Amino acid sequence: MRDDLLELLWEGLRQTLYMLVWSSVFAIVLGLFLGITLVVTEKGGVLEARVVNRIVSLAINSVRSLPFIILIVLLLPFARWVVGTSLGPTAAIVSLSIGAAPFLGRIVESALKEVAVGKIEAAKSFGASPFAIIFRVLLPEALPALVRSLTIAVIAIAELTAVAGAIGAGGLGSLAIRFGYQRFREDIMFATVIVIILLVQAIQWTGDSIAKSIDRRRHRTE
Amino acid sequence: MISIRGLSKAYATPSGKLQALDGLNLTVEKGDIIGIIGFSGAGKSTLVRCINRLEEPDKGSIAIGDTVLTGLKESQLRQARRKIGMVFQQFNLFEGKTVFHNVAFPLKVAGCDKATIRKRVCEVLELVQLGDKEKAYPSQLSGGQKQRVGIARALVNEPDVLLCDEATSALDPQTTYSILELLRDINRKLELTVVLITHELDVLQHACNNVAVIEQGKIVETGSVDKFFLYPESDTARRFVHIVEHYRKKRFAVEGVGAGI
Ligand SMILES: Nc1ncnc2c1ncn2[C@@H]1O[C@H](COP(=O)(O)OP(=O)(O)O)[C@@H](O)[C@H]1O
Ligand SMILES: [Mg+2]
């Protein structure tokens, strides 16, 4: 029985991590793209394009206003088209990435907006191109804030994997629901919850230490 | 060296159009160190930001040497900006970069190679007396040191013109003097044309050869610093000098005849 439990947990954790890592990677890439686009295309931005800004903003708000569970269902045909199946963890990665990207876009946007306009002006005054301003000023200056925001986002994605699990994606979420809710195996449910808590703690701790080490380097006293 | 003709710039504000610059004319000779003085809201920052087109002028022309900046396309403007250094009141250093990488920034975006960058950065850091600080981050520096980094960064690309918008206004008097001295020093050594925007007489007195007085978006008076203090003509100049005059009279009253300046 013990072995059985451990095996179930291990399998669940493995699937959750698989979904979490890949969804986070794709969602962060998409989110950075969206967030940067929002910031540089807004009024007074380094690549001002207000129509683009409106469209991206509207698209983000539309996706964000859908409950995730509905979004997954909507994206099933797309997932099948991309990965060949609409079931299991791999299909869930498609939905998770697309579902989380708009939220990431917004938090990237707000982290980048914290960069003082004076620094961007300084960069412009030295003849920096918009591309150089994005990659040499905006992103590096916002780095500690970005790391903190992305930590929150990865935790949110971990929560979403559980939701995806509820409708057949596998992972810890599915374990908790299949055994705990449907078969009244409270021991499994309880163990799953512990593993999820530890997972979230680990993510938070990792994000915090990275952000702290960046801050410490930038503000160390000699 | 710098020739500005009929420069106008208006801002749209909730309460209507605000004419920040109003057909402004100004000529600055090569190698000069000129102070542009005016009260708050006179249009000083708008003027200096129009010179490198951080602010897009509505009308008028700006030329530096043979380059007419107002006619340039984006990519040409970026090239031209590399020869116009700018120093800011709030320093605007990159907090995520060391002193070295702050100063290297203009060279990196210009595509210089590593060896050239190292050589140039070390030279200018030496020039601003921060040779030992290249590995520090801006948060570890004092205000005066930060502004020295700002100046080094503005000089690293060997510009023809250095624009300073209230470069010493965030600093205490002692630090202000040392920065002004540095600017004079640089002006002499590098034969650089320097434009100092200010609302402080100290800056004129300690750093400038010539002065232009700005009032409601127009240059209302130009001439040497001596002339400015001895024979102020414009309203603004008189109001500035009046303050000095007031204390000179006071001192005269206290110490009696013979109290010189
Ligand atoms: N971005 C802006 N939008 C609207 N009004 C502005 C803007 N920048 C400056 N102004 C206005 O233009 C006038 C000149 O400003 P500025 O050039 O900053 O003056 P100074 O630097 O001499 O204090 C002021 O009345 C100011 O309020
Ligand atoms: Mg100003």
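Helix α4(A) passes α6(A) in a right-handed crossing; a crossing is right-handed if the near helix is turned clockwise from the far one by less than a right angle, and left-handed if anticlockwise. This is a predicted model, in which local features need pLDDT of at least 70 and side-chain atom pairs count only at pLDDT 80 or more, while totals for chains, interfaces and linings use all residues. Residues are numbered from 1 along each chain as its sequence is written, chains are lettered from A and ligands numbered from 1 in the order in which they are written, and side-chain values use heavy atoms, with hydrogens and water left out.

The axes of α4(A), residues 88-113, and α6(A) come within 8 Å and cross at roughly 150 degrees. Axes are lines fitted to C-alpha atoms, for helices over the stretch in contact, and angles run from 0 to 180 degrees between N-to-C directions. The two helices are therefore roughly antiparallel to each other (under 35 degrees counts as roughly parallel, over 145 as roughly antiparallel, 65 to 115 as roughly perpendicular and the rest as oblique). Their contact involves 22 nonpolar, four polar and no charged residues; Ala, Val, Leu, Ile, Met, Phe, Trp, Tyr, Cys and Pro count as nonpolar, Asp, Glu, Lys and Arg as charged, and the others, Gly among them, as polar.

Helix α6(A), residues 130-169, also meets α3(A), residues 68-83: their axes come within 10 Å and cross at roughly 60 degrees. α3(A) and α6(A) are therefore oblique to each other, and α3(A) passes α6(A) in a right-handed crossing. Chain A has eight helices and zero strands, where helices (H or I, at least four residues) and strands (E, at least two) are DSSP runs numbered from the N terminus. The C-alpha trace of chain A spans about 70 × 50 × 25 Å along its principal axes.

In chain B, the residues around ligand 1 include Tyr11(B), Phe39(B), Lys44(B) and Thr46(B), a residue being near if one of its heavy atoms lies within 4 Å. By class, this shell has five nonpolar, six polar and one charged residues. α1(B) gives the most to the shell, with three residues.

Backbone N or O atoms approach oxygen atoms of the ligand at 2.7 Å from Gly41(B) and at 2.8 Å from Lys44(B). The protein covers 62% of the 560 Å² of accessible area that ligand 1 has on its own, by the Shrake-Rupley method with a 1.4 Å probe.

Note on methods:
A polar contact is a pair of N or O atoms within 3.5 Å; within protein, one must be able to donate a hydrogen and the other to accept it, and residues adjacent in sequence count only if both atoms are side-chain atoms.
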